[in-house]
Amino acid sequence: GVTVQRYLAAEQARAHLKKAFQSYVAPAVVEEIIRHPERLQLGGERRELTLLFCDIRGFTSVAETLEPVELASLLHDFLTPMSELIVAHGGTLDKYMGDAIMALFGAPLPQEDHALRACRAAWAMTRELTQLNRGWQAQGRPALRIGIGINTGPVAVGNLGSDRLFDYTAVGDHVNLASRLEGLNKYYDTAILVSEFTAVRIQGAMTLQEVDLVRVKGKARPLRIYEVVGEGPPDPGWARFLQGYEAGLRLYRAGRFAEARDAFLEVRPLKPDNRHLRRFLELAAAYLVQPPGPDWDGVAVMQEK
């Protein structure tokens with residue numbers, strides 16, 4: 001009788017774990033949790049994760065053009081494939097916030113390559129949205145644009161909340177920073193922005209272009225941010241462009257604006273439509289006409305969240 005009771009208790013515990021995670025992570029992860037529940041620490045713990053925030057750009061304007069039922073259908077048809085891609089790359093769906101998605105990589109089970117998984121998921125999401133938009137426009141639906149912010153760092157993760165309501169989630173400064181990066185996509189007209197903390201962990205496995213050195217609201221230390229512009233290491237064309245572009249950035253931040261302008265002009269034929277190159281080229285030219293003040297440090301200050 002004791003043996004049966006223990007068996008039933010163990011089965012009940014496994015069923016509880018499966019129910020808690022089966023809608024948020026890949027089936028293989030659920031099975032791993034069930035086989036090794038000791039690897040899952042419930043309650044808050046400190047762990048390095050990669051956080052991904054995804055949001056529809058201009059969603060308010062889109063919502064104004066649709067009836068509530070049409071809007072709900074569009075959201076469903078957007079959130080479902082985006083969520084599937086996150087889970088397929090080993091991410092954990094944390095929550096939906098209207099049209100936004102928050103996802104974790106590296107929890108509930110540890111992943112050595114959580115930063116790379118997040119970047120690959122984001123790249124796949126932008127490719128999938130391109131295909132979805134083609135079909136939606138043929139149906140008379142509005143095309144959507146997304147912004148994705150990715151950051152890596154230590155956070156508190158676990159079953160967090162109150163005695164009445166709690167959820168498996170992550171909180172901390174690095175979570176907030178990932179959310180800030182998602183919002184900066186609108187300012188820089190980008191799709192995927194990652195922090196320097198994420199960039200250093202993917203070791204050239206994705207093609208990244210430095211976008212700016214920014215000081216986000218509530219932060220004193222400036223942060224380098226990058227746009228994901230390709231999957232895998234840069235091809236020879238991108239490599240040549242990025243080498244010259246980064247040389248121009250170093251000259252620009254050193255206040256050597258004439259040399260920076262010349263460096264940017266030299267590589268412009270390789271990527272004539274590159275928005276970040278155009279921006280720094282215009283800034284360098286403007287500062288040659290009217291130099292910045294003595295406290296200029298080349299950092300873009302963001303006043304909004």
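Predicted model: local features only at pLDDT ≥ 70, side-chain atom pairs only at ≥ 80, totals over all residues.

Reader: Which hand does the crossing of α9 and α10 have?
Author: The crossing is left-handed.

Reader: Which residues of α9 and α10 meet?
Author: From α9 come Phe 257, Ala 258, Arg 261, Phe 264, Leu 265 and Val 267. From α10 come Leu 277, Phe 280, Leu 281, Ala 284, Tyr 287 and Leu 288. Sorted by class, the contact of α9 with α10 has 11 nonpolar residues, one charged and no polar. Arg counts as charged, so Arg 261 in α9 is the charged one.

Reader: Why is the pair Arg 57 and Asp 189 called a salt bridge?
Author: The closest N and O atoms of Arg 57 and Asp 189 are 3.8 Å apart. The cut-off is within 4 Å, so the pair qualifies. Arg 57 sits in strand β1 (residues 45-57), and Asp 189 in the loop between α6 (173-188) and β6 (192-195). The bridge therefore ties together parts that are 132 residues apart in sequence.

Reader: Are Arg 57 and Asp 189 buried or partly exposed?
Author: Arg 57 has a relative accessible area of 17%. Buried means under 20%, so Arg 57 is buried. Asp 189 stands at 33%. That value falls between 20% and 50%, so Asp 189 counts as partly exposed.

Reader: Which residues are linked with Arg 57 in a network of salt bridges?
Author: Arg 145, Asp 189, Glu 227 and Arg 275 are linked with Arg 57. The structure holds 16 salt bridges.

Reader: How do you know that Asp 77 and Arg 141 form a salt bridge?
Author: Their closest N and O atoms are 2.9 Å apart. The limit is 4 Å, so the pair counts. Asp 77 lies in helix α4 (residues 68-88), while Arg 141 is in the loop between α5 (114-138) and β4 (145-161). The pair therefore joins parts 64 residues apart in sequence. Asp 77 has 27% relative accessibility, so it counts as partly exposed.

Reader: What makes Glu 196 and Arg 221 a salt bridge?
Author: The N to O distance between Glu 196 and Arg 221 is 2.7 Å. That is within 4 Å, so the label holds. Glu 196 belongs to helix α7 (residues 196-202), and Arg 221 to the loop between β7 (206-215) and β8 (223-231). The parts tied together are therefore 25 residues apart in sequence. Glu 196 has 17% relative accessibility; this is under 20%, so Glu 196 counts as buried.

Reader: Why is Phe 78 called buried?
Author: Phe 78, in helix α4, has 0% relative accessibility. Beyond its neighbours within four places in sequence, Phe 78 is in contact with Cys 54, Ile 56, Asp 99, Leu 129, Trp 136, Leu 144 and Ile 146. Phe 78 and Leu 132 are 54 residues apart in sequence, yet 8.2 Å apart in space, C-alpha to C-alpha.

Reader: How do you know that Ser 83 is buried?
Author: Ser 83 also lies in helix α4. Its relative accessible area is 5%. That is under 20%, so Ser 83 is buried. Leaving aside its neighbours within four places in sequence, Ser 83 touches Leu 93, Tyr 96 and Ile 101.

Definitions and conventions: Residues numbered from 1 in each chain as written. Heavy atoms only, no water. Salt bridge = Lys/Arg side-chain N within 4 Å of Asp/Glu carboxyl O. Helix = DSSP H or I, 4+ residues; strand = E, 2+ residues; numbered from the N terminus. Buried < 20%, exposed > 50% of the residue type's maximum accessible area, 1.4 Å probe, protein only. Left-handed = near helix turned anticlockwise from the far one by under 90°. Contact = heavy atoms within 4.5 Å.
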